[in-house]
Amino acid sequence: MSNSDITIAKLNTVGEANAQYVVSLIRSIPDFPKQGILFRDFMPVLSDSKANHLLNEALVKAISVNLDEFDTIAGLEARGFLIGPPMAELTGKGFVAVRKAGKLPPDTYAEDYSLEYGSASIEIERNAIHPGERILLVDDLIATGGSALAARRLIEQAGGIVVGCSFVMELDGLHGREALGLDAVSSLMMMPA
């Protein structure tokens, strides 16, 4: 299946040819996880050394706040765990995991949210974020914004402040960016929902 419907947004910070190379590795899988959904899999990008490097470089270049405006990067389980730690290393920041419910020891904050095809709950450890800590939230995809908004609420419940969000992919027409209520949101690629 062709990726001709993927629009390069901030991915172009690594150059047009490099951006096209990264996009060429994204797999489009129809009817997954359910009928009518076109799943975009960026895992082949991570398995290619050149593309993985370009992806990490573009994510850092596309951050929509200055590096001195955030203290820590928080990544959503599971694919936010793949992009968050390299971004943290490249920016000299720490990393906090936003986990699926039941994956952390007791003493957590929890937040429920709706998905396009169900509901879920996420958690962070109570001592993972300090009051006033400025957080850059990262994940692979923003669709309706449900999971990212839940993570924002969770971080705020812990006393942190979400100052921006970074995504690899964004689905057009679902208004996830607007749902977050933040000006500082970046995505590397746009595609139809």
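These notebook entries record what I looked up in a predicted model.

**Ground rules**

I number residues from 1 along each chain as its sequence is written, and side-chain values use heavy atoms, with hydrogens and water left out. As the model is predicted, local features need pLDDT of at least 70 and side-chain atom pairs count only at pLDDT 80 or more, while totals for chains, interfaces and linings use all residues.

**Entry 1: helix α4**

I took helices (H or I, at least four residues) and strands (E, at least two) as DSSP runs, numbered from the N terminus. Helix α4 covers residues 80–91. I checked its length against the expected span, which is 1.5 Å times one less than the number of residues. The 12 residues of α4 should span 16 Å, and the end C-alpha atoms are 16 Å apart, which agrees.

Next I looked up burial, where buried means under 20% relative accessible area, exposed over 50%, and partly exposed in between (1.4 Å probe, protein chains only). The buried residues of α4 are G80, I83, G84, M87, A88 and T91. Viewed down the helix axis they fall within an arc of 135°, so they line one face of α4. That arc is taken from the directions from the helix axis to the C-beta atoms. An α-helix has 3.6 residues a turn, so residues three or four places apart point the same way. On the face turned away from the buried side I found the exposed residues E89 and L90.

What does the buried side of α4 pack against? With contact defined as heavy atoms within 4.5 Å, I list α3 (49–62), β4 (72–76), β5 (94–100), β8 (134–142) and β9. Just after α4, G92 has a positive phi of about 75°.

**Entry 2: helix α5**

Helix α5 (residues 146–157) has 12 residues and reaches 16 Å from its first C-alpha to its last, close to the 16 Å expected at 1.5 Å a residue. I find 9 of its 12 residues buried, so α5 is largely enclosed by the rest of the structure. Among the buried residues of α5 are G146, S147, R152 and I155. G159 follows α5 and has a positive phi, near 100°.

**Entry 3: nonpolar cores**

I searched for nonpolar cores, meaning sets of buried Ala, Val, Leu, Ile, Met, Phe, Trp, Tyr and Cys residues joined through side-chain atoms within 4.5 Å. The largest has 33 residues, and those with the most contacts inside it are L11, F42, L55, V168, L188 and M189. At least two residues of this core come from each of α1 (16–24), α3, α4, β8, β9 and β10 (185–192). The largest share, 6 residues, comes from α3. A second, separate core has 25 residues and includes Y113, I122, A151 and A158.

I then followed M189. Not counting residues up to four places away in sequence, M189 touches I6, T7, A9, L11, V23, I26, V168, M169 and E170.

**Entry 4: E170**

Is E170 buried or exposed? E170 is buried, with a relative accessible area of 7%.

The side chain of E170 makes a polar contact with the side chain of R177 (2.7 Å). I counted as a polar contact a pair of N or O atoms within 3.5 Å; within protein, one must be able to donate a hydrogen and the other to accept it, and residues adjacent in sequence count only if both atoms are side-chain atoms. Leaving aside neighbours within four places in sequence, the contacts of E170 include L141, I142, S187 and M190.

**Entry 5: salt bridges**

Side chains of opposite charge can pair when their charged atoms come close. I used as the cut-off a side-chain nitrogen of Lys or Arg within 4 Å of a carboxyl oxygen of Asp or Glu.

- D5 pairs with R40, with the closest N and O atoms 2.6 Å apart. D5 lies in the segment before β1 (7–8) and R40 in strand β3 (residues 38–41), so the pair ties together parts 35 residues apart in sequence. D5 is partly exposed at 27% relative accessibility, whereas R40 is buried at 7%.
- D140 pairs with R79 at 2.5 Å between the closest N and O atoms. D140 lies in strand β8 and R79 in the loop between β4 and α4, so this pair ties together parts 61 residues apart in sequence. D140 is buried at 6%, and R79 is partly exposed at 31%.
- K61 pairs with E57, the closest N and O atoms being 2.8 Å apart. Both lie in helix α3, 4 residues apart, about one turn of the helix. K61 is partly exposed at 46%, and E57 is partly exposed at 26%.
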